[in-house]
Every structure is written in C-alpha cells, then in structure tokens.
Amino acid sequence: MKIEKINKELEALYSANIKDINDYSSTTINKHRESAFNEFKKAGVPTKSNEDYKYTDLIPTFEKDYNVTFKPIEVQIKTENLFKCDVVRLDADVTLLSRGRYIEEQKIKEFPKGVIVASFNEAAKKYPEIFEKHYAKYGNTKSNSLYALNTAMAQDGIFIYFPKNSYTEKPIQIINLLLDVKGFFYNTRNLIVIEESAEANLIFCDDSLSTGEFLGNTATEIYVGKNAKLNFYKIQNEHNESNNISSTYIYQDKDSVFHSGVYSLLGGLIRNNFNIDLAAEGCESDLYGLSLVDKKQHTANFVHVNHSKSHCNSNQLFKTILDDNATGAFSGKVYVAKDAQQTNADQTNRNILLTDSAKMSTKPQLVIYADDVKCTHGATVGQLDEDAMFYMRARGIRQKEAKMLLMYAFANECISEVKIDALRENIQDLAQRRLNGELSLCRNCSARVVNV
Amino acid sequence: MLKIKNLKAEINGKEILKGINLEIKEGEVHAIMGPNGSGKSTLSAVIAGNENYKVTEGEITYQGINLLELPVEERAAMGIFLGFQYPIEIPGVSMVNFIKTAVNEQRKAQGKEPLTAAQFLKLMREKKDLVEIGEKLTNRSVNEGFSGGEKKKNEIFQMAMLEPKLAILDETDSGLDIDALRIVANGVNKLKKPDTSTIVITHYQRLLDFIVPDIVHILYNGRIVKTAGKELALTLEEKGYDWIKEQVDGKK
C-alpha cells in the first residue's frame, strides 16, 4: 500500500539523519524529537480514512521524490532587485527565509523596546528560558501527526519575541522563498511570543522564485499574553507545483486579542490547520480566510477554536472561489466547555463555484456544553448571483467585467478586515489580479540566491 | 425606433408571449397596461435580452438592427434602458463603481472617451438632484439598504446618467406613495427628448396622469388586445380589467 511505503520512507529519513538533525540544532529543541517521532510512527501521514483528511488526499503529494537536507544551507542574497516582488511593496521590516531556513547574515535582529526577530535555531540557543516556557507547549503531537513529524525533524524557522508593553514602528514581514529547480521537502518551525500588553503586526508570506515540486510542512506556535494584541496575516502565493501544510497553534491569555487572516492565492495543495485555545477570560479571536483557486488547486482550511473560559468572543469567516477543477474543504469546529458562559462564537463559510467540475466540501461543527452562550454558524455553496449579473449587464457592463465585480465584492469581505492599511490595499490588488488571471509566479523578483 | 413582429416567448416551457405586435416611433410614449400574469414583465425582459426567456417566434428590430442577435450588454450599449420592477441589491459592489463602469461602457460603444474620475463625479452631482436622492448614493453598495421607493428613484437616476434612447419602465410606480411617484415621473419627463422613446409598463392608471402617454396598449394573456389613445387608460380605470376579459374571452 502506498501509505505504508510513504510512512516507512519518512521513518527511515529520520532514523538515517538523527545525527545531523541533532547536531545542527540545540538541546532545548532536540529533547522533544524522540517522543514526537514516536507519535508520528503511531499515526503516520493522515489518509482519507482520517475524518479530518477526508477531502484532502495527501498521498499524491507525499509519494513524489524530493530532495532533503538536514545540514544548514549557505546562501548569499542579492537583494537589490528583491523589492519588485508582488507582495514586497510594504513599508515593513523584512526578514527572509528560504525553504524554511533563516538565510540572512544577521541571525538575531534586535529592535527597539526589546523586540527580537531571529533564526529559530539560533534563538533556541540564546534564549533557552523562553523556549523552555513556550516551545512545544501549544501544539499536540497526539492529535496531529504532521505536527509531530515537524517536531521530530524541524531545525529552523523564525523566532519572534515581543516583551511586555513593546511594539514596533513598522509591521514585521517574514518572507519564505521557495527556490531551487529541483523540489525540496522541508520542515519549518516558528515560535512567536507576544508578552503582556505588547502589540504586534506580523505578515508571513510564502512566495516562489522557481518552479519545481516542493513540500513544506510548517508548524507555528503563538503565545498571546495578557492584554496583548496580535495582528497576524498569512499570504500564500507560491506556485501550482508547491504543496504547503501548516499547523498553527495559538494560545491566548486573559483579555488578549488575536486578529488573523490567511489569503491563499497560489499553490498546488494548501492545507492550513488552525488551533485556537482561548485559555482565559475576555479573549477576542478573529480569523478570516480567503482562497482563490482554479485549475487543479486544492485548498483546505481546518479551524478548531476551544472556548475553555467564559466571556470570550471568537469569529471565523472563510470564503472560497473555485474555478476549473479546483477543490476545497473547510471544517470549523467550535468547542465550548461547560464553564465557558457568556461565549460568543460565530462561524461562517461561503463558497462560490464557477464551474460544474469545481468542488467544495464544508463542515461546520459546534460542540457546546455551556448554557449561556451565543453561537452561530452558516455555510453556503453557490454560484454568482444571476439576478445581479443580469442587472449589471442590462446597464451595459460586459459579462466578464460583471463577473469580476461580483467575485471581488465576495472576496473583499475577508480582505476589508485587514488592520494594516498598506497590506489590505496590497491584498486587494493581488486578489483582483488573481481573479483576472494575471497573478502567477513572482517573475518580477530578481533576487538571486546562490546555494553554496 | 422599435418594431416587434409576432413575438412569441416562453420560460421553462411555458409560453407567455403569444404573438406581440408593436411599433414605437421616435419621441413617442407608449403605455402598456394589463392584469397580473398578462406578460408585461416578460415583454420588457425579452426586449432587454434576459436569457432565461426563450424567443420561439417573431422578431424585434431596433433602429433597423435585429435585436435578438445581440446579448444583453450590447443592447444596453445601444441605448436601451430597463427600469426594473424589483431592482437588485448587490452588496460589496459600490454604487459609484457600478454606474461609472456602465457609463464608460456606453461611451465606448459610442466611440467616446471614458470619463475621468473628476468628470464622472461632476456628472453624478448634476443628475442626483433630478430624483432628490441626495447623499444616499456615495459610499454605498448598489441598492443596499434602500427602501422600495429609493430603489425606484435610483433606477431613474441611472437612467439620467445613461441617457438612453429607449427606456422601458417596468412597473416603476409599484410600491410608491404619491410624493415619490411625483418625483419619479418628474424625472422621467425631464429626461424625455424629441428623439427618445419610452415604454411605461403599469398596472394602474395613476402614473399616466404624470407621464402622459401618446398611445395605450392593453396586454392580456400574452397578446395586445386593444390599442388606442390616452383615453383608453381612463376607460380601463373606470371599467376595470374584467371589462377587457369579457371583451376578449367573450369573443371566443
């Protein structure tokens, strides 16, 4: 069976490279690897018989051949023309990763007020006390085998730290570039810690500089402290031979605000798992998602929000437009514990199919044990409003233009919520170009990164 | 301007128009009246080009051109305007963007340059006052949050912006109180020119006190059964639609 072969190869990959994996990492991180690997061995890569992966078939992605390395890569970046890149026109502080590895020369960047942006690997060595407190505390290797695989294999990624009361002048933008003509399998691990009353604006972009089959398995743990505020946006704009599986675990402390949007524009297979733990009272958690897919793309968003305490508000709005033979899935699970009174939880998933062969599967779930709560959920799968189309055409607006106006109006509800003005306009522009069929591989970017 | 010969049309296999003959000359105002279900809205939808209706027989010629060969947007670009009985709300599409795109498509079809943003806003300001719709138009999505009366006024505002040659007003008076009716009718009258024509589709005679027709047709059961001058509308008001039904069905 294909899955057995895949699992055996991944296990062999780990076993054969244990020395390199540990040598090029640190004790703080290494001590979690063995138990994580054992959890992965128990479950393996999820197949369609796993309820959560019913609509996302990972086998075609995992059975391909990829290059892998557990040694650090030396890169030299020529960044003079980098900023012609589609998304890199923001006034933000940019840090680059390539295939999930931190590639800038300055491994630890210190900003005013004690804010740190650093290589995950280097930060684990320099700030072990922060890692002891937060690393591998919010993810769950038992319920997410790909997260377990990441915990076993990942060596680098990004570390972002905002101490108490801190903030930055400009948003922080992390760009992960895919490049190499031959594709790679890589695991990226990120840790983001926003301490009490701090305010952070973070933008994570996945971009491609070359084609080739890639498979990225990313895990990000985020701690949002008491009264802290985090605006966290993800833009997925790779290319249609890249595959990206991400697991993001968010832990919110009392009175914290987490405001997030994920915008999936290009990518062969995109699977985003979000797990939000509202661990104290008074939290606000908003998650928006927009997927614009065509050809044979597959995009799946799985969100799990856990209301364990009272007086928290959570809100999810996910929208997808599917064209050609694209497929999509959404599952939004909201769990409200017995004592989580005065909970407000809203969950909406709206999808538009532009062709008969596009397919969307949506599964809203509410599990409610408290009795004084307000929870809503709605899911629709439909076409563009025919009456609206006729109305516009009856005014002389050509069919193609009318379609664009409707699709953009639909998508914009998820984009208008972005709190960083320049980013919002940027994403609106990207969305329009994507809908127009104009957006593709970031050909404008002429950064040249040389592997040594 | 508009010649309709023996027009038959159906929807979902059901025949609604059973042979319409109608001729409208430049500068004329025609009223089409009829009981519910007679085919009034179908007629306007077919002239506008709604693809849900299938034309099974007959022809429609507009300024010498076979209209049935043209898609909706091209008919509109040629100067045909349909005032909807139930105008559509389009959340997320701004009113300004909607009208601007429509106006510029028209201009393109007429070989004119598109309006700049400044020129367009100036035009909007001029035309807004015609239907006393005021500030409701900017910063809004198309018809979103508009009352029935405001939606109808918005139709006339769009007509003012597009300056059509042939305006088909489908039950523009339905749901309006007397004041709104006056404003809407006033707008229509102000927009009339010697070379434009208007088809007023209505159930009641009341609107025709304000928009005075040259010719009145009565549509019953998919056919035009009576055509006369504006007095016909008054006779109809007096005698009711039953009078027509008796006349037509009685003959059979």
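Student: How many residues does each chain put into the contact between A and B?
Tutor: Chain B gives 18 residues and chain A gives 18 residues. Two residues are in contact if their C-beta atoms, placed from the backbone, lie within 7 Å. Bear in mind that this is a predicted model, where local features need pLDDT of at least 70, side-chain atom pairs count only at pLDDT 80 or more, and totals for chains, interfaces and linings use all residues. Residues are numbered from 1 along each chain as its sequence is written, with chains lettered from A and ligands numbered from 1 in the order in which they are written.

Student: Which elements of chain B give two or more residues to that side?
Tutor: Helix H2 (72-77), strand E7 (90-94) and helix H3 (95-109) of chain B do. Helices (H or I, at least four residues) and strands (E, at least two) are DSSP runs, numbered from the N terminus.

Student: New topic. How many residues are in the largest nonpolar core?
Tutor: That core has 180 residues, and A:Leu202 and B:Ile168 are among those with the most contacts inside it. A nonpolar core is a set of buried Ala, Val, Leu, Ile, Met, Phe, Trp, Tyr and Cys residues joined through C-beta atoms within 7 Å. Buried means 20 or more other C-beta atoms within 10 Å of a residue's own, exposed means 12 or fewer, and partly exposed is in between, with C-beta atoms placed from the backbone.

Student: Which helix gives the largest share of this core?
Tutor: Helix H9 (residues 399-415) of chain A, with 9 residues.

Student: What does A:Leu202 touch, leaving aside neighbours within four places in sequence?
Tutor: Its contacts are A:Ile160, A:Pro171, A:Ile172, A:Ile192, A:Leu230 and A:Phe232.

Student: OK, sheets. What's the strand order in the open sheet of chain A?
Tutor: The 10 strands run E3-E2-E7-E9-E11-E13-E15-E17-E19-E21, with mixed pairing. Strands E3 (101-102) and E21 (373-382) of chain A are the edges, each pairing on one side only. Two strands pair if DSSP finds at least two bridges between them.

Student: Is strand E13 of chain A mostly covered or mostly uncovered?
Tutor: Mostly covered: 8 of the 10 residues in E13(A) (257-266) are buried. Strand E11 (residues 229-237) of chain A runs parallel to E13(A), joined by 9 bridges, and A:Lys229 stands opposite A:Val257. E13(A) also pairs in the parallel sense with strand E15 (residues 284-293) of chain A, over 8 bridges; there A:Tyr263 has A:Leu290 as its bridge partner.

Student: Over in chain B, which residues of helix H8 are buried?
Tutor: B:Leu232, B:Ala233 and B:Leu236 in H8(B) (residues 231-239). Down the axis of H8(B), the buried residues fall within an arc of 100°, so they line one face of the helix. The arc is that of the directions from the helix axis to the C-beta atoms.

Student: What's on the face of H8(B) turned away from the buried side?
Tutor: The exposed residues B:Glu231 and B:Glu238.

Student: And what do the buried residues of H8(B) pack against?
Tutor: Strand E3 (29-33), helix H7 (207-210), strand E11 (215-220) and strand E12 (223-228) of chain B. E3(B) and E11(B) pair in the parallel sense over 4 bridges, with B:Ile32 opposite B:His217.
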